[in-house]
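Hi everyone, thanks for making time. I'd like to walk you through one protein today, from the overall picture down to its packing.

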Amino acid sequence: MTIVPACFTIGWQFFVKLTKNNHIRREEMKTKILFVTPETFDKVEGYTKEDISFIGFPSLTAAVLGALTPDFAEFEAIDEAIEPLETEEMFDAVDADVVALSVNMSYKANRAAKIARKFKKRGKIVVWGGVHVTSLYDHHRERFEEEIEPYADAVVLGEAEEVWGKLVCDIFNDNLQKIYRANGRPKSEIWSKPRYDLIGSDKFLVKNSRQATRGCPLNCEFCSVTSFNGPTFRKREAKAVADDIRETLSQRKSGLGSSFFAFVDDNICFDRSYFAELALELGEVKKDFPKFCWGGQTNLYSVDKSVRHKGIEYDMGELMAKSGCIGMFVGIESVSKESLALAGKSFNEVEKYPDQIKKFHDLGIMLNAGMVFGFDSDTVKVFEDSYDFLVKNRIEISLLNILVPLPGTELYKRYAKEGRIFDDNWENYDGRHVVYYPELMTPEQLEQGFFDLWKALYSWPSIIERVVNRSQIFAAVRTLPNLSKAGQIISRVYMNRRYAQISSRIGKARLTKSRDRFGQNVTFAEFRANKK
């Protein structure tokens with residue numbers, strides 16, 4: 001069921017009356033909306049378009065808003081990850097009446113502001129939304145008023161399902177408000193089926209992204225998900241998700257990555273009962289489309305769990321594997337119990353990591369480990385400990401990040417109160433810059449240790465140990481003449497080498513940057529002492 005705001009009815013009645021009385025063709029009256037997902041390529045030590053197309057996947061925000069847009073408006077989307085607005089001529093060529101910007105990652109905020117200024121100068125109506133925008137409005141109002149308000153005709157706060165249609169109607173009726181926000185978070189029953197046809201996906205390595213759930217009750221200190229999407233776990237009907245995938249598979253041409261789907265849910269396995277229902281539906285999809293496979297995000301401990309569904313007891317790991325799961329991003333975050341406790345992630349049990357990892361591997365599921373560095377208990381030894389752990393346990397891919405105090409999170413509030421944040425440039429809130437004083441390392445030690453680990457982890461000796469080891473080779477030989485296992489090894493080596501190239505380029509570029517950006521370049525303990 002879709003909620004239709006009253007303004008939609010009023011606007012449509014006005015539109016029909018106007019077209020009848022003045023004999024104007026409807027297509028000439030349509031409000032044109034351009035949705036832009038910003039991406040920044042300005043920094044020499046940043047990601048390139050090729051990097052983003054390799055590690056990223058299509059943003060679903062454009063597909064969701066496109067589905068919510070009333071019929072009397074045209075909706076198009078640009079994702080700068082693959083189609084950057086690079087020249088003044090490109091801005092001039094945009095004939096939309098409205099430009100909507102979504103800023104979900106804080107490091108994109110400066111780029112969004114630049115785009116907004118350019119379109120405002122060209123007389124466009126500019127609308128902002130996203131996690132970063134909502135966080136500034138709710139928790140850092142002064143920065144919102146300084147950085148966003150001057151370049152915004154309207155702002156959407158929170159999720160858009162219940163307000164986007166009204167906003168479009170208000171534009172049509174020349175009655176645009178400054179702030180649009182629903183009274184609560186939209187229930188899954190009113191989520192529209194996204195318009196996947198609106199997002200360009202062919203240039204991404206991962207071409208298909210999906211979302212089955214929203215919300216997370218865990219509320220980790222450094223994470224903004226609970227603040228934005230709420231602590232309640234909302235779920236789309238499992239069969240609808242599966243039918244959605246079937247439809248795409250039946251329409252998409254075969255090719256590299258065409259049968260793989262990435263679930264962007266923050267923890268696809270958290271509600272075990274729902275996951276059982278979803279996995280069984282995905283298993284049916286796999287029967288119809290044998291090449292179908294998927295990846296998602298979860299916790300390591302999910303593989304230890306079981307669930308009773310419709311009177312039958314299921315092993316969670318078996319459900320993942322049999323439904324087509326071939327890879328999981330797992331938020332390991334740290335190999336230190338103290339760091340996990342500080343982050344509010346004590347549910348991650350370090351002593352169980354090796355056995356949990358082995359279970360995933362035994363099921364044929366590749367792991368991408370999310371690792372974070374710079375917690376208050378971290379010393380320079382954390383990099384050596386993490387390298388040893390990742391290699392010993394043969395983690396195929398690792399997404400390494402420096403801890404980021406994102407706006408709206410409990411971590412940001414704590415660090416700001418303590419006076420630890422020395423860099424307020426959002427471009428540097430990308431997980432590859434230090435923007436605060438660590439407790440037991442200097443900012444330079446943290447950043448240098450991070451890049452040294454990145455380089456070592458994606459070196460040939462590490463790749464051979466983690467990916468091209470004897471057990472993997474024997475498994476490939478046993479499955480001959482089927483080449484699927486050998487293909488997995490080759491693809492994982494390729495991904496590792498791509499990460500190696502990225503880390504090498506960014507690391508070298510970072511060496512050219514001034515050390516002045518580290519503030520006093522002291523530990524937080526030394527910073528406190530200097531203030532006395």
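Of the 532 residues here, 55% count as buried, meaning under 20% relative accessible area with a 1.4 Å probe and protein chains only. Before I go on: this is a predicted model, where local features need pLDDT of at least 70, side-chain atom pairs count only at pLDDT 80 or more, and totals for chains, interfaces and linings use all residues. Residues are numbered from 1 along each chain as its sequence is written, and side-chain values use heavy atoms, with hydrogens and water left out.

How does the overall size look? A compact globule with 532 residues would have a radius of gyration near 24 Å, and the protein has 24 Å, so the two agree. That radius is taken over C-alpha atoms, and the globule rule is 2.2 Å times the number of residues to the power 0.38. The C-alpha trace spans about 75 × 65 × 45 Å along its principal axes.

Now, contacts, which are heavy atoms within 4.5 Å. Taking pairs at least 6 apart in sequence, 77% join residues at least 24 apart.

On to the inside. The largest nonpolar core has 109 residues; such a core is a set of buried Ala, Val, Leu, Ile, Met, Phe, Trp, Tyr and Cys residues joined through side-chain atoms within 4.5 Å. Trp 128, Trp 294, Met 328 and Trp 454 have the most contacts inside it. A second, separate core has 29 residues, including Phe 72 and Trp 164.

Back to Met 328: leaving out residues up to four places away in sequence, Met 328 touches Trp 294, Phe 360 and Leu 367, among others. Thanks, friends!

Terms used
Buried < 20%, exposed > 50% of the residue type's maximum accessible area, 1.4 Å probe, protein only.
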